[in-house]
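Let's take a walk through this one together. Have the viewer open and follow along.

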Amino acid sequence: MTLSLLLLIPLLGSVIALFVPEKAVKPLALVITIVTLIAAIPLLIYFDTSISGFQFLEERYWIPTFGINYIVAVDGLSLPLVILTVLLSLICIIASWNIEKHVRGYFSLFLLLQSAMTGVFIALDMFLFYVFWELMLLPMYFLIGIWGAPPRVDADGRTRGGPYAAIKFFIYTLIGSLLMLVAILWLWNQNGTFDFRQWTDPDRNIQFQVILWTLFFIAFAIKIPMFPFHTWLPDAHVEAPTAVSVVLAGVLLKMGTYGIIRFNYFLFPDATVMMAITVGVFGVINIIYGTLCAMAQTDMKRLVAYSSISHMGYVMLGMSAFMSVGRGSAVYEGLLGGTLQMWNHGTITAMMFLLVGVIYDRAHHRDITRLGGLAITMPIYTGFVGLAFFASLGLPGLSGFIGEALVLLGTWKAAGIYRIFVGIAAVGIVITAGYHLWLIHRAFLGKENPECAKLPDINLREIITLVPLGLIVIWIGVYPAPALRYISATMQSIVDNILQAGL
Amino acid sequence: MKILLILFPPLFASVIQLLIGRKLPRKGDWLPILGITISWITALSLFIPTFFLKQTVPHISLSVDWAFGGGALGGGALGGGALGGGALGEAFKLGFFTDGLSIATLFMVTTVSLLIHIFSSGYMHGNPLYSRFFAQTSFFTFAMLGLVISDNLLFLFIFWELMGLCSYLLIGFYSWCPDVGYDRDAPRKAGMKAFLTTRVGDAALFVAIAILYSATGSFTFRGIHSAIANGAVSQSALLAASLLILLGAIGKSAQFPLHVWLPDAMEGPSPVSALIHAATMVAAGIYLVGRSISFGFFPESALIVTAGVGSFTALFAASMALAAMDFKKVLAYSTISQLGFMLASLGVGGWTPGLFHLVTHAFFKALLFLGSGSVLHAVHTRDMREMGGLKQKMPITYFTMLIGALALTGFPGFSGFFSKDEILAVSLGWGMKRGAAGYIPFLLLISATAFTAFYTFRMMILVFHGKPKDHHRFEHAHESSASMTVPLIILSLFAIASGWSWLRTPFESIVSLGGGALGGGALGSGALGGGEEEIPHSAHTVAMVLSIIVSLSGIGLAFIVYHFEKISAEIFTRGIIGRSIHKALVNLWWVDDFYLWLIKKVIEISKALGIFDRRVIDRIVDSFGTASVIVSKGAGIADFRGIDYVANGTADLIRDAGDKIRMIQTGRLGDYILGLMVAFIILVVWVAI
């Protein structure tokens, strides 16, 4: 029942939020998310880390005529992401405390979003999965469109703003999910059930596998977002309100890589082996392209958005390096690192977007060139920025390092062309450090800009949103064993499964 | 237990200091001093038996699960994962160990760090970020100690990077300070430059670690060593790994071509320059190469490259010190040059003298930097053209610095003599064995020795001798307080004694200790080449005589030009050759300019890519949207509603969404969400039944 509770509590909260007085909405949302977090604790305690398969399985009939069932469960891949969703939702509710416009609608949609995101990670029935996948789009669309920045015309003469970004996000994802729907229906037609665990077929011919693999892959690649399908991301981030950016980067992007590992890797091992290097190539492109684009930005939020693209590249690179080229022996480090990186990116980027929100609330702009000397006017804020940025650039001792390190170790182990990827990624490491430090250099050090000399330092509410994430970042960086313990059994079985079944 | 006592007191002191330091008496500066004293005493308890009894100290090691496996939280509900027990669990262990080399280095690091912390309590007095300074230096000490006792490359790398962070923060220290009369711009630039330049080396080092890990399945020195001995690592992989390790060291130890950050790092407070940018952190690169060689990671060809880089840097950096007018920059170039000596020594098979020089250099260079700090504190400028005659005003600083200067030039009887002389002897011996081109390292090093003697005494004379050039500054100058002069005096004792200790207990008998515990002993048995090399006896004599002659003539020339002013310094810049050399030196051989150009290019590319992303890739996407809207409109006019829906779903969604937004704006958002909810709840209830 634990997993269903994680779906039902926020959903219930979402309905109640529409009927309570406007003043009570925020406390209600807070209580709901806290209760959900408490409800998730048993998952952590009773999860058996030695089992690689699904746990907390719940199966109920839904529409048996069409082979549609309500099946939810978690394993080492989805558990961290479920926890991340629940945790970030709570933090986002606190971060949204200053929302004044259509309060009921905002919090109601947010809770609905939380329910849908959780659903995506725990659904094993593909129909259910698709329902959640689409359901998630709607609140996201409205949250960006209505509470985002007002429409305006940018320097290139194109209309920007919340509605534009929302529609862009919506259409992008929808195109992807339509492709996925085709694949899902195809497989359903073959097997007569939506339970994806029964869709494996060792004799499926390779061309067919590759076609289905690609249909799924494009849907997920858009979510990651993978170059060249990434342009929705900077816009969505820049226009969205802070809390929405946080879940967008923290949770939604992970659905792409999650989906690939969950479905592509499991269902089509032969195609996965065939396409592994392609995934790696796109991973490397993401790393370099994201890094260089981030370097060019003067809008702090856009910079963080592009850094997300770059960091998700590490996840892709890591998960593509599951076997050594030529020898065909298993490599676990890459996938372990990639999965850990998903969680780490979720926490680190969440911190970064929260921090960008802090400065935007005060200065009403995010233009790096119009800031300066913030280390002196806002010292505590600068401390948190330092923590988040150094974690993001992969400083050892903070969580960003261990994920990237495992990814690079695994990638080198995969040999062959992967070694060139490591070389390119190593260049990326240097440039990554470059744009992070350059931002600190311009916005935080040096002469105080008189424009922002009187900005008040970070307040208690904002500190409360940052501290839990900061502690996680330090903890996993100093001692990653507890986090890795949850995922290692599952990752091992995923790799072994591909190598057994594949080619 | 002892390892914990060495490692953790500075860490705890740093954390407490950071959190509540400002509220403690004396702003908590005693906390790090106390913490480092505990580390120092523990290090001493390891060092004394090693030094006086030449005993193989009980080999200390500690190993805990870090990334995989049971670990501290093991057992119970969180029991070990599937991979925990296996190979990954074994590889990712946090491990420490000590041997002769690490014990000697521990002793050096804790001693220097302790004295510098005491010095800082006087030097940094009154700084608004006083307690944060101590938190950072104390954390740095923790990281350095961790690096020295790490038994594997992964943790060495972690501590290596943590030191980089401390270095970044401390170089830019003044740019974080509110209302201090300092220029905040230069420190912030210098900090960023240092971090990014060393990051190049760091990335290379990480790839080296990946190569060795992938070939051997281990991060530990011992594990990799035995795998290499068993032939598990191919020659090409080993060569690549060793050259990348060398590149890592080139970054951290500021060797050519990644030396550019160290002179700029002088923007940091002087105690920081002494601790991090002279005595300890920059030595970490040498330490890493030394460790790697002792475990047989460096094949012959990599050693030759090492020797080449080291000896070239030694001369190259010394040349820039000749023309520098910034007091601290002279010392910075001299540090680069001396680190070059050490690297060259490791390369030509002088493993022991190289690491011995690391220890002696740490003491006398820390002394020189603290001395320069004492002078800066008194005159508030770094330009030597505004000093002069300070000998009378600051006698303690003068005499202690004189000892440091004599040690640096390798004057007989001072510590630098013992170590540098050995280095020269070994490199000459190496040349004698190889003939012709083999003499290049020796020739570069001996010329660097002459340069060293000249620029050191040029600096001493300009600062302390002659007549004061700036009377206002001279009048206000005074000797520093006891908290600053006492560390200077103690360090000057070390600057002499650490050399003579060679006669009491030769350094090789220290660093070879614990060799037995290293599983076969990479050095002890000499089974793996690249450790020590036998050198002809005549090399010692020739090198000693030559080094004394060039040092004395360097010192003599400095006195003739700058003290007695018999020859004008102008003479060096006369003529076309003199002028162009001087121009090259003042412009630092244009290496910085080259990097600036490179960075500019990277930024240009990134700007172009940013525009490409917005104007091209994004436009393509947008035009698809626009096109579908036009198509759908056309279709709408033709009233092919049904086909429109199927063929141009996208466009319809745009319109639909627009309608929905309009709907919300007319206050019907609630209705919409409610509808969505109700539908969903019906589904859920259906499921529940």
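In chain B, V64(B) sits across from L94(B), a residue of strand β2(B). Keep in mind that you're looking at a predicted model.

Now zoom out to chain B as a whole. It has 27 helices and two strands. Of its 689 residues, 56% are buried. If you count contacts in chain B with a separation of 6 or more, 79% of them join residues 24 or more positions apart.

Next, hop over to chain A for a helix pair. Two packed helices are described by the angle between their axes and the distance between the axes. Here α12 (residues 333–363) and α14 (residues 379–392) of chain A pack at about 145 degrees, their axes 9 Å apart. The crossing of α12(A) and α14(A) is left-handed.

Who meets whom at that crossing? From α12(A) come I348(A), M351(A), M352(A), L355(A) and V358(A), and from α14(A) come Y381(A), F384(A), V385(A), A388(A), A391(A) and S392(A). Sorted by class, the contact between α12(A) and α14(A) comprises ten nonpolar residues, one polar and no charged ones.

Conventions. Residues are numbered from 1 along each chain as its sequence is written. Chains are lettered from A and ligands numbered from 1 in the order in which they are written. This is a predicted model: local features need pLDDT of at least 70, side-chain atom pairs count only at pLDDT 80 or more; totals for chains, interfaces and linings use all residues. Two strands pair if DSSP finds at least two bridges between them. Helices (H or I, at least four residues) and strands (E, at least two) are DSSP runs, numbered from the N terminus. A residue is buried if 20 or more other C-beta atoms lie within 10 Å of its own, exposed if 12 or fewer, and partly exposed in between; C-beta atoms are placed from the backbone. Two residues are in contact if their C-beta atoms, placed from the backbone, lie within 7 Å. Axes are lines fitted to C-alpha atoms, for helices over the stretch in contact, and angles run from 0 to 180 degrees between N-to-C directions. A crossing is left-handed if the near helix is turned anticlockwise from the far one by less than a right angle, and right-handed if clockwise. Ala, Val, Leu, Ile, Met, Phe, Trp, Tyr, Cys and Pro count as nonpolar, Asp, Glu, Lys and Arg as charged, and the others, Gly among them, as polar.
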